[in-house]
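Reader: Please take a close look at the nonpolar cores of this protein and at the disulfides.

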Amino acid sequence: MTLRMALAGLALASLLTGCGGGHGHSASSTPATSGARQGAARGNDAALWRQLAACLRRHGVPNFPDPVQDPSGSWGPPANTSKPPQSAMTACKSIANQLPGRRPAASAGDMAKLRRFAQCMRAHGVSDWPDPKADGSFDLPQRLRAGKQVFKTQLAACRQYMTGGQILVSGG
């Protein structure tokens with residue numbers, strides 16, 4: 001597994017405890033704010049990746065490479081970069097959590113609200129609606145990934161339990 005894949009799962013499964021959750025999408029009546037990224041944001045991505053590389057070097061991985069930009073414009077470590085030790089990743093977690101597509105763990109209050117949302121969805125007929133993951137996203141079963149039309153009525157009935165007026169659905 002490359003470091004890029006390992007880091008993709010960073011915030012979704014705590015700190016590199018699993019590999020790759022996909023990028024999330026939201027189900028809401030309002031548009032999600034994670035749309036197309038601007039050039040300035042991509043420059044910031046590069047700066048964050050450089051900060052992470054420097055941090056990892058300071059914490060026991062002296063030869064960790066500088067980030068590179070792939071053909072799609074995304075930044076990250078070169079392909080086939082070895083995963084750094086857990087101790088280095090823990091030391092650099094605050095930087096890694098700022099990388100694009102990363103979500104830190106949801107607050108206790110948000111998690112309680114999202115668990116009520118899941119219970120509400122199940123009570124309204126979506127028996128296979130999962131509990132939220134640590135980052136507040138929902139890893140939906142395949143049949144529910146067809147889109148919110150499958151559970152539009154239940155979504156409306158449980159809207160009061162959404163955080164920020166939306167829910168995040170993780171991929172993969």
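Author: A nonpolar core is a set of buried Ala, Val, Leu, Ile, Met, Phe, Trp, Tyr and Cys residues joined through side-chain atoms within 4.5 Å. Buried means under 20% relative accessible area, exposed over 50% and partly exposed in between, with a 1.4 Å probe and protein chains only. This is a predicted model, in which local features need pLDDT of at least 70 and side-chain atom pairs count only at pLDDT 80 or more, while totals for chains, interfaces and linings use all residues. Residues are numbered from 1 along each chain as its sequence is written, and side-chain values use heavy atoms, with hydrogens and water left out.

The largest nonpolar core has 16 residues, and Phe117, Met121, Trp129, Phe138, Phe151 and Ile167 have the most contacts inside it. Two or more residues come from each of α5 (108-123) and β5 (166-169); helices (H or I, at least four residues) and strands (E, at least two) are DSSP runs numbered from the N terminus. Helix α5 gives the most, five residues. Another core, of 14 residues, lies apart from this one and includes Leu56 and Ile95.

There are two disulfides, each a pair of cysteine sulfur atoms within 2.5 Å. Cys120 and Cys158 are joined with their sulfur atoms 2.1 Å apart. Cys120 sits in helix α5 and Cys158 in the loop between α6 (152-157) and β5, 38 residues apart. Cys120 is buried at 9% relative accessible area, and Cys158 is buried at 0%. Cys55 and Cys92 form a disulfide that is left-handed, with -95° about the S-S bond.
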